[in-house]
Each structure stands twice: as structure tokens, then as C-alpha cells.
Amino acid sequence: LSHLLANGYQSIYAFNPIVAGAFMGAMWQVCVIFGLHWGLVPLMINNLSVLGRDTMVPLLLPAVMGQVGAALGIFLRTRDARQKVLAGSAVSAGIFGVTEPAIYGLNLPLRRPFIFGCVAGAIGGAIVGFSDSHVYSFGFGNIFTLAQMIPPQGIDATVWGGALGTVAALIIACALTLVAGLP
């Protein structure tokens, strides 16, 4: 399945980077749930070694930040002390790329925040795909990925597009969760 997913990603990205960004932004966290995301890591490493850059990691950053935004929305909205503590720690971990506490502890059990995180990831991923962002070193999607997007010639529109898509995913997921994420 991971091999098929990798081939599917390459085909979609060759067809249209915006569609690839929306697809990866929406589906990355679903792949994380089933462990399929590890099948795409060799593709990322291969792109870096052969091409000197990778297009997949920037598209995944909005997916990560979408789940973080949903957890942040829960943190801001809930009155349950246990849920608030869990959401605060999930946001802290998620900023550094570890989304499992947010997914399994909050977003997936509540259903709507997980969906909102995926929707926001798709929107942010489409923005990143439109801006043609790349990374130039290996690492998983976290706050430091923005530094990995800086090309050798310096900061340009691709970096700003990557940052815009990431922030958009965070804000959209947080706003949707605040408005309609909790029963």
C-alpha cells in the first residue's frame, strides 16, 4: 500500500502540484493512523539524494499543523481540565512534528476536530503546492521545516508560500474547531 501511495503521489504531483498538495495535506494524517506514512520516507530521501530537493515534506507540514490547530481549538474551547491539559501538551508536541497525542488523544475520538484538521491541511497543502515549495535537507514536518525550505540563493516566494500555507492550516483548523468542533 505504501508503494502504491508513493507512486500515486508522484503521478498526482506531475499532473498538478496544487492537487498533490491538497491530497497530501488531507491524507497524511490518515496515513499516520495506519502507519503508511513510513512507506513515503524512502521517496523523500531519494528525492533529496537524486534531485537535491524534495517536494513532499513541505506539502505535509500543513497536515501536521492542521491537527495542531484542531488541538489548539480544543484547548481554547474546552472547560474540561483533563482535556485542556491533554490539548496543551498535544499542541506542544505537534509543533515539533509529533501529532499522535493530538490525533489519538483528542481529534480522532472527537471526530470533527480530526476532519477539520484534514480539511485545513488540504487547503494549506494546496497553497504550498501552488507556491512550489521544496526542502533542501531531510526532516519530518515540524516548525523547523520552514528553515529547510530556504533555497541556497536565499528566501524567496516559495518560502513565503510554504509559511502561508502552514499558518493557514493552523488557523483554519483552530477556527473550525472553535466554532463546531466540540459537542
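Biologist: How far is the sulfur of Cys31 from the closest cysteine sulfur?
Modeller: That closest sulfur sits in Cys118, and it's too far away for a bond. This is a predicted model in which local features need pLDDT of at least 70, side-chain atom pairs count only at pLDDT 80 or more, and totals for chains, interfaces and linings use all residues. Residues are numbered from 1 along each chain as its sequence is written, and side-chain values use heavy atoms, with hydrogens and water left out. The distance from Cys31 to Cys118, sulfur to sulfur, is 9.9 Å.

Biologist: How many disulfides does the structure hold, then?
Modeller: A disulfide is a covalent bond between the sulfur atoms of two cysteines; here the cut-off for the pair is within 2.5 Å. Cys118 is in none, as its nearest cysteine sulfur, in Cys31, lies 9.9 Å away. So with Cys31 too far from Cys118 for a bond, the count of disulfides is 0.

Biologist: Is Cys31 buried or exposed?
Modeller: The relative accessible area of Cys31 is 7%. Buried means under 20%, exposed over 50% and partly exposed in between, using a 1.4 Å probe and protein chains only. Cys118, at 10%, counts as buried, and Cys31 is likewise buried.

Biologist: Which residues of helix α6 are buried?
Modeller: α6 runs over residues 100-110; helices (H or I, at least four residues) and strands (E, at least two) are DSSP runs, numbered from the N terminus. What covers its buried residues includes α2 (17-34), α4 (56-77), α5 (81-95) and α7 (112-131), where contact means heavy atoms within 4.5 Å. The buried ones are Ala102, Ile103, Leu106 and Asn107.

Biologist: What is the phi of Asp132?
Modeller: Asp132 lies in the loop between α7 and α8 (145-148). At 36% relative accessibility, Asp132 is partly exposed. Its phi is positive in a residue other than glycine, with a value near 60°.
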